[in-house]
Amino acid sequence: MKNNAIIFGDSYSTFKNFVPDNYAIYYSENERPETDVTKVEQTWWHQVVKELNLNLVLNNSWSGSTIGYTGYNNTDCSKTSSFIYRLNQLIKSDFFVKNQIDTVFVFGGTNDSWSNAPLGEIKYSDWSDSELYSVLPAVCFFLKLLKETLPQAKIYCLINTEIKAEITSCMKKACEKYGITPVYFEKIDKKCGHPTIQGMKDIADSVLKTINNK
């Protein structure tokens with residue numbers, strides 16, 4: 001029986017030709033000074049998918065993307081790259097009707113932290129559109145919508161190192177609130193803020209450890 005998986009991510013989870021065509025990427029086969037990752041097999045998600053024998057239906061990862069509606073330089077991402085918009089687009093296109101999804105990996109919040117988007121307050125229901133331009137309510141909204149859309153799926157929320165403490169705390173509380181499994185990291189080897197080959201292995205190891213311990 002197939003275990004169908006989907007990823008919602010940012011640059012950490014991209015690789016050229018493995019995300020939707022119009023999505024910005026960070027990782028590719030072209031070597032660049034910022035990273036030594038040049039093979040898709042080196043990515044954290046490829047390692048996890050292979051180890052668990054998952055069928056990756058979609059890698060919905062967009063480099064530089066935020067969970068909430070506020071991007072870098074205060075840009076409005078409510079109808080472009082935000083995790084919330086991308087999830088809503090899949091819902092509207094009946095993606096989840098056409099595809100049974102058993103496992104979900106969410107790896108975001110990094111750009112929400114780096115872009116200095118407004119934090120706002122943790123809120124678990126009755127969000128206004130304007131509140132989704134702030135990080136904490138947007139994180140809660142996204143995880144709740146994901147859980148409501150895929151109530152039977154196993155959802156894992158990967159919480160990056162070196163992001164704002166308020167975002168880390170919010171993710172932890174929202175995971176607890178909505179019955180989502182958080183994945184914490186003791187360390188992720190990085191260069192220019194992005195996982196190296198070793199960092200990708202650090203991520204994969206922690207994800208697999210969390211799943212195998214459940």
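Analyst: What follows takes the sheet, its strands and the nonpolar cores in turn. This is a predicted model, in which local features need pLDDT of at least 70, side-chain atom pairs count only at pLDDT 80 or more, and totals for chains, interfaces and linings use all residues. Residues are numbered from 1 along each chain as its sequence is written, and side-chain values use heavy atoms, with hydrogens and water left out.

User: How do you know that β1 and β3 pair?

Analyst: Two strands pair if DSSP finds at least two bridges between them. Strand β1 (residues 4–9) and strand β3 (residues 103–107) are joined by five bridges, so they meet the definition. The two strands run parallel. Within this pairing, Ile7 stands opposite Phe105, and Phe8 has Val106 as its bridge partner. Strands here are DSSP runs of E with at least two residues, helices are runs of H or I with at least four, and both are numbered from the N terminus.

User: What makes β2 an edge strand?

Analyst: The open sheet has five strands in the order β2-β1-β3-β4-β5, with parallel pairing. β2 (55–61) pairs on one side only, as does the other edge strand, β5 (181–183). The pairing of β2 with β1 is parallel and has six bridges; in it, Gly9 is partnered by Ser61 of β2.

User: Why is the unit of β1, α1 and β2 called right-handed?

Analyst: A crossover is right-handed if, with the strands pointing away from the viewer, the path from the first strand over the helix to the second runs clockwise. β1, helix α1 (residues 44–52) and β2 make a β-α-β unit classed as right-handed, so its path is clockwise in that view.

User: What makes β1 mostly covered?

Analyst: Buried means under 20% relative accessible area, exposed over 50%, and partly exposed in between (1.4 Å probe, protein chains only). Six of the six residues of β1 are buried. Asn4, Ile6 and Phe8 lie on one side, and Ala5, Ile7 and Gly9 on the other. In a regular strand the side chains alternate between the two faces of the sheet.

User: Why is a group of residues called a nonpolar core?

Analyst: The name applies because its members are buried Ala, Val, Leu, Ile, Met, Phe, Trp, Tyr and Cys residues joined through side-chain atoms within 4.5 Å. The largest such core has 40 residues, and Ile6, Phe8 and Phe96 are among those that touch the most other members. Its largest share, 10 residues, comes from α5. A second, separate core of 26 residues includes Ala5, Val37, Leu158 and Ile211.
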